[in-house]
Amino acid sequence: MMSPPSWEVLYRASAFIAEEMGVALKRSALSPNIRERLDHSCALADERGRIVAQAEHIPVHLGSFRVGLSNALSWLEKEGLELGEGDMLALNDPYISGTHLNDVMLLAPVYYRGEVVAYVVNKAHHVDIGGPVPGSINPQARTLYEEGLIIPPVRLVRAGHLDEGLLGLIEANVKAAHVSRGDLGAQLAANLRGIRMLQELLERRGLEALREAWERALAHGRELALRQMGSWRAGTYEAEDYLELGERDLRIRLRLQIGERGIRADFTGTDQEVEAPLNAVYGVTYSATAFAVRCALEREVPTNEGFYALIEVRAPLGSLVNPHRPAPVAGGNLETSQRVADVAFRALAQALPHRIPAAGSGTMMNVLLGGVGPAGPWAYYETIGGGTGARPGRHGVSAVQVNMTNTLNTPIEVAERAYPLLFTAYRIREGSGGRGRYRGGDGIVRAFRVLERCRLSLLADRFRNPPWGLWGGEAGRPGAAHVRRAKGQELALPSKCTLELEPGDEVILETPGGGAMYPEP
């Protein structure tokens with residue numbers, strides 16, 4: 001039997017490997033979206049596909065690894081395929097990988113003395129993956145086929161050799177091929193780094209010691225999480241919230257059951273899937289639910305299969321949170337994930353009164369631009385932060401990424417150098433947080449003028465239904481977006497739209513503030 005310090009050292013070493021994979025990916029990437037904004041995630045799994053360690057990257061990616069990895073391994077088994085040493089599987093099919101097309105997933109086995117002992121996996125958000133709009137997040141998509149190139153599970157690397165034909169196919173379908181090649185190369189480098197480090201650890205400590213350490217880590221994570229959940233008020237708690245689609249409000253309803261064996265989240269009563277890109281595949285729904293539960297734990301818990309196994313998510317097939325293929329899902333990963341987290345927090349606030357924050361901005365405020373200029377095709381993607389909800393005993397935080405995104409911003413200097421943009425404003429949207437004894441955090445104003453003819457797409461939310469307050473605190477201000485034409489007209493934009501811009505047009509984006517807690521004294 002391994003002593004507690006020994007198994008924990010090996011577990012921490014495994015988590016460090018996942019972090020090192022992320023460093024390799026960031027430093028090797030070509031796009032500002034990955035290099036500057038860190039829109040990527042990495043994890044390790046055992047030979048059964050159970051997540052044993054992951055880096056502190058993007059919440060919507062991390063929880064989905066559990067679903068995506070299981071789906072990918074099941075697909076390989078169904079097809080009678082096996083990944084050999086030096087192979088890497090690439091895929092972005094959301095109904096397998098668990099997020100959306102822009103997130104390309106690379107999976108590789110780790111061999112030790114002739115057998116598969118683990119897997120390394122990463123996801124990275126590619127700025128463009130094809131389709132009719134720059135950035136590939138198409139607000140008008142009615143099917144998955146209108147969102148970009150679908151990559152089923154396929155060997156991108158076979159026995160250490162890159163499939164140039166497959167890479168060429170991908171490059172032929174995206175708008176900035178050299179950027180996609182560079183980012184895919186960074187993902188390959190990240191997995192190779194993880195494989196090498198894990199094999200070195202195995203050589204030093206041995207396979208049995210590592211397997212025992214991982215089993216102890218999973219059991220430890222489960223025990224710690226159950227111990228904390230056991231102090232929560234058992235029962236069933238209901239909540240609902242809404243997404244905006246034109247003049248419609250799409251309902252997400254949750255019954256959250258807290259019991260001795262963990263959490264059951266049932267989304268029965270949620271609206272049916274729609275012919276719009278707001279459907280969330282099951283991996284996204286699971287990830288957002290697990291994120292909210294994880295945040296409610298007061299002490300540090302390893303986020304591995306030991307924790308994940310305590311959360312059961314029931315999402316009716318054909319609903320907004322588990323659609324039939326080929327429903328479009330780009331915004332489900334980005335916006336619906338935020339609302340699922342909001343609903344889970346709202347239910348948890350009933351079980352844990354005065355311990356859960358009010359609603360944060362509730363949107364990633366996705367802005368996509370692109371065109372074909374003198375330097376060739378280009379595509380720009382950004383998510384813009386907002387205000388967090390007020391916390392028990394503290395005001396909310398202003399101008400940060402909230403909930404399911406953990407990315408940074410693109411520095412103005414980098415964006416202006418890489419794209420035909422001139423930024424005209426970047427500041428806190430003062431007074432946008434809800435009023436109360438503890439105020440909601442303020443949102444952001446970010447504005448830029450385009451220097452070339454291009455196409456703008458906006459996929460956002462909380463323009464009509466503001467972030468809610470708790471226990472008598474006011475809601476935050478909703479979001480807004482405008483285009484100030486070079487010719488003088490000003491156009492208010494809906495939360496989901498695509499339009500053409502001319503040189504000199506200015507785009508002004510205002511993100512929501514968070515909700516407040518308790519009435520003002």
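## Backbone and strand features

H354 is found in the loop between α10 and β12 (366-373); helices (H or I, at least four residues) and strands (E, at least two) are DSSP runs, numbered from the N terminus. This is a predicted model, in which local features need pLDDT of at least 70 and side-chain atom pairs count only at pLDDT 80 or more, while totals for chains, interfaces and linings use all residues. Residues are numbered from 1 along each chain as its sequence is written, and side-chain values use heavy atoms, with hydrogens and water left out.

H354 has a positive phi although it is not glycine, and W471 likewise has a positive phi as a residue other than glycine.

| Residue | Phi | Relative accessible area |
|---|---|---|
| H354 | near 70° | 42%, partly exposed |
| W471 | near 55° | 36%, partly exposed |

W471 lies in the loop between β16 (454-459) and β17 (480-484). Another loop, between β11 (311-314) and α10 (330-351), holds P326. The peptide bond from R325 to P326 is cis, with omega near 10°.

Strand β20 (residues 506-510) is mostly covered, with 5 of its 5 residues buried. E506, I508 and E510 point one way from β20, and V507 and L509 the other way.

Two strands pair if DSSP finds at least two bridges between them. Strand β15 (residues 443-450) runs antiparallel to β20, joined by 5 bridges, and R446 stands opposite L509. β17 also pairs with β20 in the antiparallel sense, over 5 bridges; here R484 has E506 as its bridge partner.

Conventions: Buried < 20%, exposed > 50% of the residue type's maximum accessible area, 1.4 Å probe, protein only.
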